[in-house]
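Please consult the sequence and coordinates while reading the points below.

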Amino acid sequence: MNSRPKKSCLRGPAPSPVLFRCFLFACILLFILFALDCHNAGGGASGILLTVIDQGWLGSGPRLAPELEEFTRQTGIRVQILSAPEGAVEQLATWRELLDSRAKTPDVYAIDIIWPRLLADSLIDLRPYVPKEDIAAHFPELIALYTVDGKLIALPHNLNEGLLFYRTDLLAKYGYGTPPKTWEELETMSRRIQAGERSNGNKDFWGFVWEGAPSEALTCNALEWQVSEGGGTILDENGKVTINNPNTIRAWSMAARWVGSISPPGVTAYREWDAFNMWQAGKTAFMRNWTNAYVAARAENSPTKGHFEVAPLPRGRAGFAATLGGNGYGVSRYSRHPREAAMLVRFLASPEEQARRCRNSAEPPTLPALYKDADVLGPNPYVSRVLQVHEGLALRPSVPAGKMYPDVSRAYFEAVHGVLTSKQSATQAAGELEKDLITLLKTSAVTANGTSIEASRNPR
């Protein structure tokens with residue numbers, strides 16, 4: 001989830017690809033000009049100014065501000081944060097434009113865990129700058145995701161996983177001692193609480209909200225339903241399309257049943273903040289969201305503070321699954337200050353900073369050792385539950401799909417969205433998606449420069 005200022009779930013018509021691309025490029029130019037002005041202005045004891053383009057924001061300010069202030073205090077190197085679009089698709093387009101143009105700024109990029117193979121050619125190998133023991137201290141699956149052809153192109157900074165948020169006061173009110181363990185229990189509990197709250201005058205109350213807009217967020221949600229039901233992960237480790245199977249069809253059909261029954265009809269337009277706004281407004285008993293939504297929900301001024309908890313997502317026939325998210329930081333090949341930028345990346349990923357951040361904002365660390373640290377867990381006992389969820393991770397197929405991952409994900413979330421909006425049955429959608437993905441992956445083998453034809457036609 002990208003934690004940004006609250007937005008309405010109401011959206012106007014989508015802009016044309018040409019207009020969108022022009023607007024995006026204009027924004028990128030403004031970013032670059034602003035950053036260049038800052039670089040030319042100099043400042044700081046070292047005379048060096050680094051720029052970072054980040055993904056996540058908390059409230060109305062950049063989440064990295066305290067860390068960057070400390071880095072400057074220790075090194076004398078100043079750091080400027082650049083703004084970024086909200087959505088993951090738009091962020092990736094911005095990152096690519098900047099790196100493909102060989103822009104000298106930003107120096108440091110936030111790298112989503114599904115982007116390494118898309119951006120690796122434009123990022124430096126961090127291994128010469130980071131001690132081996134520092135690298136080995138992170139979860140090995142994260143290091144593996146950030147390693148491309150032997151290059152470590154980013155260091156993990158934070159862990160993000162899909163979680164079930166539930167209202168403890170409402171569960172107690174309706175006689176439930178524990179959150180739902182299965183999807184069937186979730187449906188039953190949602191219906192009962194929803195009916196009870198509506199009969200008490202809360203007419204627009206719903207049982208369960210989640211992210212159903214045609215976006216990367218829907219890929220994450222649908223993958224959790226699918227994996228928990230035994231439907232696999234879209235592509236297997238060898239890149240074979242595995243989507244068209246009875247378990248996947250059952251999972252999609254289950255979710256489609258929620259729309260308009262325990263979930264609002266508009267859930268098919270919700271992204272993370274849309275679902276969170278419903279949650280904060282007290283209009284739902286359960287929510288699927290990311291671990292960093294916990295940070296905002298437990299803030300001092302939050303209306304849900306003290307009235308909610310988190311648990312693993314419900315189980316399907318094959319178990320429970322939580323999509324792995326999060327980001328790290330990498331250094332541009334075109335940075336004027338690669339050594340200092342690598343120093344910043346190492347600082348942001350360090351045990352000291354991760355522990356401080358976890359104590360202050362409850363962001364889960366990427367270092368297993370910190371989950372055994374009582375000083376870290378004391379203020380945030382929920383972090384131990386994150387480790388439990390970590391055992392049921394669902395990985396998006398960014399490794400087998402390689403540079404085709406954005407196209408694979410788009411085809412997937414559009415197919416699922418068609419099911420959720422009753423445009424086609426789950427059986428029809430799975431069959432057509434299988435054919436589309438096979439064709440897409442075959443086409444990619446003959447596309448020049450590692451950029452897919454579909455991506456070239458639809459830059460978003």
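Strand E8 and strand E10 (residues 284-290) run antiparallel and are joined by 5 bridges. Strands, labelled E and at least two residues long, and helices, labelled H or I and at least four residues long, are DSSP runs numbered from the N terminus; two strands pair if DSSP finds at least two bridges between them. The model is a predicted one, in which local features need pLDDT of at least 70 and side-chain atom pairs count only at pLDDT 80 or more, while totals for chains, interfaces and linings use all residues. Residues are numbered from 1 along each chain as its sequence is written, and side-chain values use heavy atoms, with hydrogens and water left out.

**Strand pairing**

- E10 pairs in the parallel sense with strand E9 (residues 206-209) over 3 bridges, and Val209 stands opposite Met287 of E10.
- Because 13 of the 13 residues of E8 (residues 155-167) are buried, this strand is largely enclosed by the rest of the structure; buried means under 20% relative accessible area, exposed over 50% and partly exposed in between, with a 1.4 Å probe and protein chains only.
- E10 is likewise largely enclosed by the rest of the structure, since 7 of its 7 residues are buried.

- H18 (residues 405-420) has 16 residues and spans 22 Å from its first C-alpha to its last, close to the expected 22 Å, where the expected span is 1.5 Å times one less than the number of residues.
- Of the 16 residues of H18, 14 are buried, and the helix is followed by Ser422, whose phi is positive, near 60°.
- The largest nonpolar core has 135 residues, and those with the most contacts inside it are Ile111, Trp225, Trp252 and Phe286. H18 contributes the largest share of this core, 9 residues.
- Such a core is a set of buried Ala, Val, Leu, Ile, Met, Phe, Trp, Tyr and Cys residues joined through side-chain atoms within 4.5 Å.
- Leaving aside neighbours within four places in sequence, Trp252 is in contact (heavy atoms within 4.5 Å) with residues including Tyr412, Val416 and Val419.

**Asp54**

- Asp54 lies in the loop between strand E1 (49-53) and strand E2 (57-58), and is buried with a relative accessible area of 2%.
- The side chains of Asp54 and Tyr329 are joined by a polar contact of 2.6 Å; such a contact is a pair of N or O atoms within 3.5 Å, and within protein one must be able to donate a hydrogen and the other to accept it, with residues adjacent in sequence counting only if both atoms are side-chain atoms.
- Not counting residues up to four places away in sequence, Asp54 touches Arg63, Leu64, Leu82, Ala84, Trp95, Ala110 and Tyr329.

**Confidence**

- The mean pLDDT (the predictor's confidence in each residue, from 0 to 100) of the protein is 86, and 85% of its residues reach 70 or more.
- Over residues 57-61 the pLDDT stays under 50, and the model has 10 contacts for them beyond four places in sequence.
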